[in-house]
Amino acid sequence: MSELTPDLLRELVAEARLAPSVHNIQPTRWRLLGDGRLALVDATWVRAPVADPAGHDVLVSHGAALEGMSLALNRRGLAITAMTTIEQPLSPQFAALCSFAVRQGVLPDPLAGHVAHRMTWRGKFAPSPDQAAPLVQLAVARDDLICIGDRRTIADIAGWADQAEFSFVRGDDYRAELLEWMRLSPSHPHYLLDGLNRDALAMNAVEATAARYVLGGLFKPLDRLGLAASLLSDSAKTASAAAIVLFCRPVGEDPLTTGRHFYRSWLEVDRTGLAACPISALADHPDFNDRLRKLGKIGTDLRLVNVFRIGWPSKPLKPRHFRLPVDRLIV
């Protein structure tokens, strides 16, 4: 067993925190236990209860963080071992979801080098003369991804995505929660720390100000005039994608495991040279989830967990990650 020193733990957490989480709420904390094991800890007050009423997305986010820790260990020749997944309350604010020891000796993980580069690309995609090769590479690398590259079908899915998202946005509670996690001005005290800030949303100052009003006090009047849906539409961005990717995992799988594969799938997209943006509303909406299941010929033993639009970004990526300080993530 390898000993985790406080300095090493800080290095590991600094890399593990780059994993994606729903709305970038970052519910994962870490605790070094007395026997030298490391515990993944749930910050039980960090939630998005309207968008994620069952808490599934939070657990998937924890799984992504766990994979982030595994990749950080791998870069140092270390690996997770002897993991237990018994949930244990630690306090009213924290609960350990799993703990594990660390061992030495592991082969390099080809995805570990993509952690710092991965980001969500929320802009339009650029056309490419070589659309097929990266998609073939992706399909070969991951059997839990289904790639849809037909242009007409992508255009249809772009419309479905707008309809799915707008059906959720019409809920007052949904918009309120979304705005609570949006940081639309650099003056927001959490702008650099968590949530969805203007930079991450690829908005300029005018667009961010408009979003605050369209999602806030002007939503209902704009909806009555039939303007809200078009103002919030993302269909042009989705339609510009090289492919729509369906992420499917076994029904009944531990969400922590699902989260680990979700993060690895996203990193695999980055390895092909493409960028990705999740379209979670398509998987969360029962009707459109069903349409995509039929389109992808997804068997009853699999769950459509999430959907990505992927493609070549229209300008060079400049990855920035807005995360909580390491000291607040070690409890």
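## Salt bridges across the chain

Arg 260 is buried, and Glu 67 is buried too; here "buried" stands for under 20% relative accessible area, "exposed" for over 50%, and "partly exposed" for what lies in between (1.4 Å probe, protein chains only). This is a predicted model, in which local features need pLDDT of at least 70 and side-chain atom pairs count only at pLDDT 80 or more, while totals for chains, interfaces and linings use all residues. Residues are numbered from 1 along each chain as its sequence is written, and side-chain values use heavy atoms, leaving out hydrogens and water.

What joins the side chains of Arg 260 and Glu 67? They meet in a salt bridge, meaning a side-chain nitrogen of Lys or Arg within 4 Å of a carboxyl oxygen of Asp or Glu. By this rule, the count is 21 salt bridges.

Here are three of these pairs, with the N to O distance for each.

| Pair | N to O distance |
|---|---|
| Arg 260 and Glu 67 | 2.7 Å |
| Arg 249 and Asp 144 | 2.9 Å |
| Arg 320 and Asp 199 | 4.0 Å |

Now let's see where two of them sit. Arg 260 belongs to helix α10 (residues 255-271) and Glu 67 to helix α2 (residues 56-74), 193 residues apart. Helices (H or I, at least four residues) and strands (E, at least two) are DSSP runs, numbered from the N terminus.

Arg 249 is in strand β10 (residues 243-250), whereas Asp 144 is in the loop between α3 (132-141) and β7 (145-148), 105 residues apart. Arg 249 is buried at a relative accessible area of 10%, and Asp 144 is buried at 4%.

Asp 199, by contrast, is partly exposed, with 42% relative accessibility. Finally, a network of salt bridges links Glu 11, Glu 15, Arg 75 and Arg 76.
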